[in-house]
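Here is a short tour of a few local features. Please have the sequence and the 3D view open as you read.

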Amino acid sequence: MPRLRPGLPVFILLLAALWLRAPTELTAQSQTTSAMRGMVVDVGGMPIAEATVRIRHALTGAERTVITSVQGRFLALLLQPGGPYALTVTRIGYAESAEEGIQLQVGETYTAEIVLQDRAVEVEGVAVNVERSAIFNPDQVGPATLLDQRTVESVPVLSRDVTELAILSPLVRTTEAGGFSVGGQNDRYNALLVDGLLNKDAFGLTAGGVPGGQAGAKLLPIDAVAQYEILVAPYDARLSGFAGGVMNAVTKTGTNDWMVRGLAVGRHSSLMGDLTLPSGPAEASGVERTLVGATVSGPIIRDKAHFLVSTEFERRSQPPAGYNSGRDLAALVGIEPVAIQAFQSLMEDGYGVETGVAGSYPLSQTLANVFARADWHFGNGNRLTARNVFAYADNDESPNRAPFDPYEFSSNAVFRTSGSNTSSLQFFTDLGNRGGNEIDLTVQRTTDRTNPASDLPQIEAVLRSPDGAYTAT
């Protein structure tokens, strides 16, 4: 008789057997979702099996229905962070129990113990005993700082850069390069996430880790952020690619109610006082800022599909940093105005090379951020989320005008342009008390360009000697 060799069907049967023997209750959830669990008992403390637990998100109308086990326990995974949620428990022979106004933090497992009164007993109200998770969540291994929506909206962030919220963690400090050191680690070792999906500078060009950070780009509009978390040591197999910390921005969702929000910020040099410099007071010329933004959200199909779009556009202008000729003392600048004029006359009249501006001039920076998100609820915990994060920045970098260093003209500066676009899809499937499934797909495209302010071909033609070699000047 021929012997059977184990193949793919046998392997599938083994996986199915292991699945059937898996525990009937899980407590871990994604770092972009929340969970709700609890126990339903009668007045005598006995568990109530086959009770219907309905969880409804008041703003979007999304509902989840689970059935309690023989031990009276229930578990609902992959819930959208935030709220408010309404928890309703019903069972034949018992009075209905309801709890409203439940708010869920990202990564939190909300725990409730619900006592159902016998229907035959007349009571004025229903006693609901709820015990929230402590600050130390056993499902969140490692120190972490979670910022809810109220905190995100109330903290004044003048730069409108959401990553600056990381300094609210006692284990985070800013570095000289402008990044964030988490737990004493290098600022380039962090992972930057948006709704649990990687969205960072993949090449490590900037300390902050934001795509396009070389030109000063921001991650996303701060009005699109609902919660922000800083994880210092998350021992979670689903998080990888970092040796410092994890900074995760959980974005807002559209609701059944239409919402329109706008903002505008303006700053002009005429509204500022004089600058106090070692050479004396100086007029703050060329310092300007214009910022406009808008956020729109609402239903596509009530209780089924919702959208949210948030935008920010900003333009800044400021003079070069350091000491500038014509404004500061020559002793601080390090070069006399007569020497500057002689050098410009030599290059422009003798060689036809434009040297640029030697004094103060405006440096401009343009920033643009567009965030769009759409959610579809298919019922019973199954939902699809599509989002797109676009960031653009161009920046005129300042020439070197620090003391005791060679003084540079505007022709020695560079123009940086950065663009980043990240598109993602997330599909959440509820598998009942056995757990849940999350499928993620992310595509990120980043471009960085650096162009010199000077005309390189023209300068090379001047410096090249007749024999083809460069001459030192």
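## A loop residue, a helix and a strand

E283 is exposed, at a relative accessible area of 62%; exposed means over 50%, buried under 20% and partly exposed in between, with a 1.4 Å probe and protein chains only. This is a predicted model, in which local features need pLDDT of at least 70, side-chain atom pairs count only at pLDDT 80 or more, and totals for chains, interfaces and linings use all residues. Residues are numbered from 1 along each chain as its sequence is written, and side-chain values use heavy atoms, leaving out hydrogens and water.

E283 sits in the loop that links β18 (280-282) to β19 (288-301). Helices (H or I, at least four residues) and strands (E, at least two) are DSSP runs, numbered from the N terminus.

Now to helix α4, where I340, Q344 and M347 are buried. Viewed down the axis of α4, the buried residues fall within an arc of 75 degrees, so they line one face of the helix; the arc is that of the directions from the helix axis to the C-beta atoms. The face turned away from that buried side carries the exposed V338, Q341, D349 and G350. After α4 comes G352, with a positive phi near 70 degrees.

| Strand | Residues |
|---|---|
| β1 | 34-42 |
| β4 | 73-79 |

Strand β4 has 6 of its 7 residues buried, so it is largely enclosed by the rest of the structure. β1 and β4 pair in the antiparallel sense over 5 bridges, where pairing requires that DSSP finds at least two bridges between two strands. L79 in β4 is the bridge partner of S34.
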